[in-house]
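Please look through the structure shown here with attention to its aromatic side chains and its surface.

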Amino acid sequence: MSNETLFRDGKMPVDETKEYPLMKCGCVAPAITRDGKPACVVHAGKPEALQLDRMVKGNHGLEGRKAKCSCRHEGPRAGIPTTTDSYWCLPFFEYHPDKEFDRFYCGCFGWD
C-alpha cells in the first residue's frame, strides 16, 4: 500500500472496533513471539517490549493528540513532514504521553 493510499487527506483509515496490544514500552506491538504473545520489535531486548500494558482501540485515550513520523525524512518524502492525528493503529505507533507528539512510521523509506 502506498503512502498516498494510506494517508488520504493526512488521515489514516481507522477501524474503531479492532483492539491492539499496547506494550509497557509505549509501542503498539507490531509482532508476536513464537508462543503467540504480543511483542515490540522497536524496543526488542528490553523487558518492557514483552510486557503487555493494556488493550487499546481507535483513538480512545488519544483524543486531541498528534503523531509525527519518527524518521528524518531523507527518503522519497524528504522535506514533507508527516503529522497526523494519533491512532493506536498507525504503523509502529509509539505513545509518548510526556511529550508533545507521539511517533509512528509513515512509510517514507518504503515498506519492504
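**Aromatic rings and a surface patch**

Phe-93 has a relative accessibility of 0%, so this residue counts as buried. The cut-off for that word is a relative accessible area under 20%. The model is a predicted one, and the values here are computed from it.

Trp-88 is also a buried residue, because its relative accessible area is 1%. How are the rings of Trp-88 and Phe-93 arranged? A pair of aromatic rings is described by two things, the distance of the centres and the angle of the planes. For Trp-88 and Phe-93 the centres are 5.5 Å apart and the planes lie at 80°, so this pair is edge-to-face. Planes over 60 degrees apart are counted that way.

Together, Trp-88, Phe-93 and Tyr-95 make up one aromatic cluster. In total, the structure has 3 aromatic pairs.

Another ring, that of Phe-101, has a charge over it: the charged end of Lys-68 sits there, 4.4 Å from the ring centre.

Which residues make the nonpolar surface patch? Val-41, Val-42, Phe-92 and Trp-111 form this patch, with an area of about 350 Å². One of them, Val-42, lies in the loop that runs between β3 (38-39) and β4 (52-57). Val-42 counts as partly exposed, because its relative accessibility is 42%.

Key
Residues are numbered from 1 along each chain as its sequence is written. This is a predicted model: local features need pLDDT of at least 70, side-chain atom pairs count only at pLDDT 80 or more; totals for chains, interfaces and linings use all residues. Side-chain values use heavy atoms; hydrogens and water are left out. Patches are made of residues with over 30% relative accessible area and no salt bridge: like charges are joined within 9 Å, nonpolar side chains (Val, Leu, Ile, Met, Phe, Trp, Tyr) within 5 Å. Accessible areas come from the Shrake-Rupley method with a 1.4 Å probe; for residues, only the protein chains shown count as cover. A salt bridge is a side-chain nitrogen of Lys or Arg within 4 Å of a carboxyl oxygen of Asp or Glu. Helices (H or I, at least four residues) and strands (E, at least two) are DSSP runs, numbered from the N terminus. Buried means under 20% relative accessible area, exposed over 50%, partly exposed in between (1.4 Å probe, protein chains only). Rings of Phe, Tyr and Trp (its six-membered ring) pair if their centres lie within 6.5 Å; planes under 30 degrees apart count as stacked, over 60 as edge-to-face and the rest as tilted. A charge sits over a ring if NZ of Lys or CZ of Arg is within 6 Å of the ring centre and within 35 degrees of the ring normal.
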